[in-house]
Amino acid sequence: MAKAGQKNTMFNILAVLVGALLMGFLWRVRGTTGWGSSWGLLNAGFVFTMFLILVNGARQKMNAGWLGLTSLSFMLTVPAWGTIIGQITGVLEDSELIETQKFVSIPSAVFQMLCLGFGVAVIFGIMLGRAYSSKQWKILDFIIVIAIFYAVDLIAKATVSHWIIDAIQPQAAELFEEGLALAGKDEGTAYKAYMSHFADISWAKKIAGGRNYFSAVQTISSAFRAIAAIVATRFIVKDKVAAKTGLIVSAAFAFSITVSDLFFYFGNGGYHELGASAFPESVYPWSCWEYFTGFIAGGIITAFVLSLKKEDDVPEITFAKIPEKATTVLTFIMGYVFLIGVNLVRPILERYDDSDYLILCVILAVVVAAVIVFVVAKKLGVKAQDADMTAYSKMLFPILTVSMIVTYMFLAIPEDMNYTGIGSVHNILVVASVVVILLWWAKYGLKAKSK
């Protein structure tokens, strides 16, 4: 018979593997029609956090309201990366309006990718760590961290991010200034043009080089605001666990998003794009970059959470002064209606946007979501703040996972159905991941014990 220590080791190894597969699946789904951008991050935060509850147990601060806020916090940190991820070849391209090309140093491209990844999930990481710490946060603590986060973001966008771009990649400003001249716009330097249209990337996209320059400023600023949020959590709020978790989550994405960028290097022809793609047609660099970004980060985050030392399990006090009826209503809306409803209905709404069946499909999705909310509320109680989050996760984790894979593969207008490209590497990985995830849930997730 295997000893208890051996069983725990095997459980942890499997948990890290499944955490990697799960975030790989979620991050790939996040990049597709129906989820996309910030809403996809809400979904990723929701499902991945439920997985961590099943793996590492729930705590008193892990209630439905916390789960909702933690999932929402992922949406606060979505930088733009459309023109950044291809720079790994040493080529700076932004030819939406004119054919133009400039060469940049690969180290400058790597630096921007590291900044991009470091800034993509910091608030989510802090919120995650807050649940595992013995520090009881007050509303003022949240206000302080978010205020510093946004203040540093604005300051960096107006100052230091431009200086860094000028130092490591002056070609970005040169391309933008050439685009301004070609468009007949007397805006002066790239910096002056940016400040005149502060962070308005919709304006910048109309100018060759503008989208790239504005994205670069946002990318570097995202790293600064992430550092500021971590420092504020550690030294002002004084929550060591939350700050450390925020740092590890940020570092995990910085590493994963940069390493996975090699798919673009080899897929786009290598150095200066001089060669042919090194991959067969079944390998799509963008889709594989998405999957492996999530895969690597998910494994690192899961391993870190499993390594955390157990601190005192203290009750939630953040909203203790709010009347109980208001707390009950708000938590029900956040933890039941919003998280379940949005993640089931919105993908259908988006994926059938150009279909004659849009109204019917959305109605069916709303009915399904309402039935699930009713069943969950009946089993766990209408007072969502008192719900057993282990039982909550046991029920909803497989439902959301199955809903995502079915929607991703089959529910959409024909051009957005992924089953037609089942032979592509990223779709094979997605299907294989879901199979392993569901097998893990049946073997271990269902046995997770409430505390």
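Q: Is Phe 11 buried, partly exposed or exposed?

A: Buried means under 20% relative accessible area, exposed over 50%, and partly exposed in between, with a 1.4 Å probe and protein chains only. Phe 11 has a relative accessible area of 21%, so Phe 11 is partly exposed, and Tyr 444, with 25%, is partly exposed as well. This is a predicted model, in which local features need pLDDT of at least 70 and side-chain atom pairs count only at pLDDT 80 or more, while totals for chains, interfaces and linings use all residues. Residues are numbered from 1 along each chain as its sequence is written, and side-chain values use heavy atoms, with hydrogens and water left out.

Q: How many aromatic pairs are there, and what kind do Phe 11 and Tyr 444 form?

A: Rings of Phe, Tyr and Trp (its six-membered ring) pair if their centres lie within 6.5 Å; planes under 30 degrees apart count as stacked, over 60 as edge-to-face and the rest as tilted. The count here comes to 30 aromatic pairs. Phe 11 and Tyr 444 make an edge-to-face pair, with 5.4 Å centre to centre and 75 degrees between the planes. Phe 11 lies in helix α1 (residues 4-30) and Tyr 444 in the segment after α18 (425-443), so this pair ties together parts that are 433 residues apart in sequence. Helices here are DSSP runs (H or I, at least four residues), numbered from the N terminus. Phe 11 and Tyr 444 also belong to one aromatic cluster with Phe 48, Phe 51, Phe 397 and Trp 440.

Q: How many disulfides does the structure hold?

A: A disulfide is a covalent bond between the sulfur atoms of two cysteines, and the test is a pair of cysteine sulfur atoms within 2.5 Å. The structure holds 0 disulfides. Cys 288 is buried, with a relative accessible area of 1%, and Cys 361 counts as buried at 17%.

Q: Which residues lie nearest the centre of the second largest pocket?

A: On a 1 Å grid over the protein atoms alone, a pocket is an open set of points where a 1.4 Å probe fits, with protein on both sides within 12 Å along at least five of seven lines, and lining residues have an atom within 4 Å of a point. The second largest pocket is lined by 14 residues, of which Asn 8, Phe 11, Asn 12, Val 55 and Tyr 444 lie nearest its centre. Helix α1 gives the most to this lining, with 5 residues.

Key
Helices (H or I, at least four residues) and strands (E, at least two) are DSSP runs, numbered from the N terminus.
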